[in-house]
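I opened my notebook to look up a few things in one protein model. Each entry holds what I found.

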Amino acid sequence: MQNETILHVGIDDTDSPKGMCTTFLCYEIVKFLEKQEIQFMDFPYLIRFNPNIPWKTRGNGAVRLTIRAKDPKKIKNKITQFVANYSDTKNGANPGLVFFQSKEIPLQFHKFSKLALWKLISRTQAKQFVSENNIESFYLGNGQGLVGAISAVGYEFSDHTFELLSYRKKSHFGKKRGISVDSVRKMQSTLPETFSSYDNESDRVLITPHGPDPVFYGIRGETVKSVVRASTIVNTDEKLDGYMVFKSNQGTGDHLKNELQIDDLKPFTSGFLVGEVCNKPLIQQGGHVLFSIQVKDRKIRCAVYKPTKITQVAKDLIVGDKIKIGGGIRKASKNYGRILNVEFLHVLQLAKHNLITNPTCRKCNKRMKSKGNKQGFECIKCGNRSLSKTTLEIPRKIQCKLYIPAVSAHRHLTRPYQRIKKRNKNIQFNDSIPWMHVF
Ligand SMILES: [Zn+2]
């Protein structure tokens, strides 16, 4: 078969908060494709883009399939039908679908995809991209889904993880999920080969969504083998339809890799800043912590939210601490200008915490009393005198290290502690372990 028969398919935004899920649509498409004259060239991709944009559905995730097809026209027609039939447009889904037929993906796709990781990209830009590059596409609603569909096709991995998503039978959609908590705890022993499955601190299962979507659970891990094996440990109360394993950028911190430009902090962008703490952190009602950092000659307010559990660290920052912080820019509100919502906090250098106090009497080890303005200090016990105040260095409670939110507050893209130094090299696609299985 020739190059032309390689087909990349990008799909996004077929779901709404009320139901469906783009990965499930992808699972249904793969079920169909398995009966066709095609060959899978790669794992299905589940790519998460900028989580700080306002109109995302749940996790702002798009999917991609890459196949070799004998009759690409037929396949494209059928996939378009799938997208039209399965999308929850009644409840606000704005699906986008992109086909790209070539082995190599052009540079402009990669560029577009990189920007979608941390920027706000409008549907107008996506529609422009489609027409300028003469790309086969389809959309419903306002076409916002084209942004993710193009970006999924253009995505390039620099690190990756896998997620096994198991799907419910239709008869169970919307019903409560019954899962053995013990089995999830047991499955968690496969960490670090799997991650973010269970929160020991609050005794909470993290692999099951709570909404009406068709996903029963998702297991995140480093290899196809590790997630498939882990799934055999988990027990559920209902018979599931099947599973599919996606190659993903989840757990890679992908959206926080670029340095934000302090003089161009557009709302809804994600990235990092390096600067110096320039005011004393304030604890807000509700336990959130606000402080500001100075980057060059500008100051930006930063917010650390209570559920992240790094408020403890944030409130111990002092003026002069050098830090690197990652997160998303929140739009200005009535009371505040733009704020960076902190998603990680890396202390680079700690300032000395000096406290200027009355001197201590060397003999009695007691704090001296002031004799009045410019009159010096006196020990009330023995009468010893001293002229000036002394400086006391207070030990710091925080360290020069990276602090990330508690696992219960992680986003799909958050790089967990056990992945801090881990980078998976792009592995060759293979079928040796079934990445898709219908029970
Ligand atoms: Zn004394």
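These entries go from the whole protein to strands and then to aromatic rings.

**Ground rules.** I am working with a predicted model, where local features need pLDDT of at least 70, side-chain atom pairs count only at pLDDT 80 or more, and totals for chains, interfaces and linings use all residues. Residues are numbered from 1 along each chain as its sequence is written, and side-chain values use heavy atoms, with hydrogens and water left out.

**Whole protein.** I found 8 helices and 25 strands. Both are DSSP runs numbered from the N terminus: helices (H or I) have at least four residues, strands (E) at least two. The C-alpha atoms fill a box of roughly 100 × 50 × 40 Å along the principal axes. I noted that 53% of the 439 residues are buried. Buried means under 20% relative accessible area, exposed over 50%, and partly exposed in between, with a 1.4 Å probe and protein chains only.

**Strand E13.** Is E13 enclosed or open? Of its 8 residues (270-277), 6 are buried, so E13 is largely enclosed by the rest of the structure. I then looked up its partners; two strands pair if DSSP finds at least two bridges between them. E13 runs antiparallel to E17 (residues 322-330), with 7 bridges. In that pairing, Glu276 has Lys322 as its bridge partner. E13 also pairs antiparallel with E15 (residues 289-295), over 2 bridges. There, Val277 stands opposite Ile293.

**A three-strand sheet.** I found an open antiparallel sheet of 3 strands, ordered E20-E21-E22. E20 (369-370) and E22 (385-386) are at the edges with a single partner strand each, so one side of each has no neighbour in the sheet. E20 and E21 (residues 377-378) are joined by 2 bridges. Lys369 has Glu378 in E21 as its bridge partner.

**Aromatic rings.** How many aromatic pairs does the whole structure hold? My search gave 19. Rings of Phe, Tyr and Trp (its six-membered ring) pair if their centres lie within 6.5 Å; planes under 30 degrees apart are stacked, over 60 edge-to-face, and the rest tilted. Phe24 and Tyr167 make a tilted pair, 5.4 Å centre to centre with 55 degrees between the planes. Phe24 is in helix H1 and Tyr167 in strand E7, 143 residues apart. Both Phe24 and Tyr167 are buried. Phe43 and Phe429 have ring centres 4.9 Å apart and planes at 85 degrees, so this pair is edge-to-face. These two sit in loops, 386 residues apart. Phe43 counts as buried at 2% relative accessibility, and Phe429 counts as buried at 17%.
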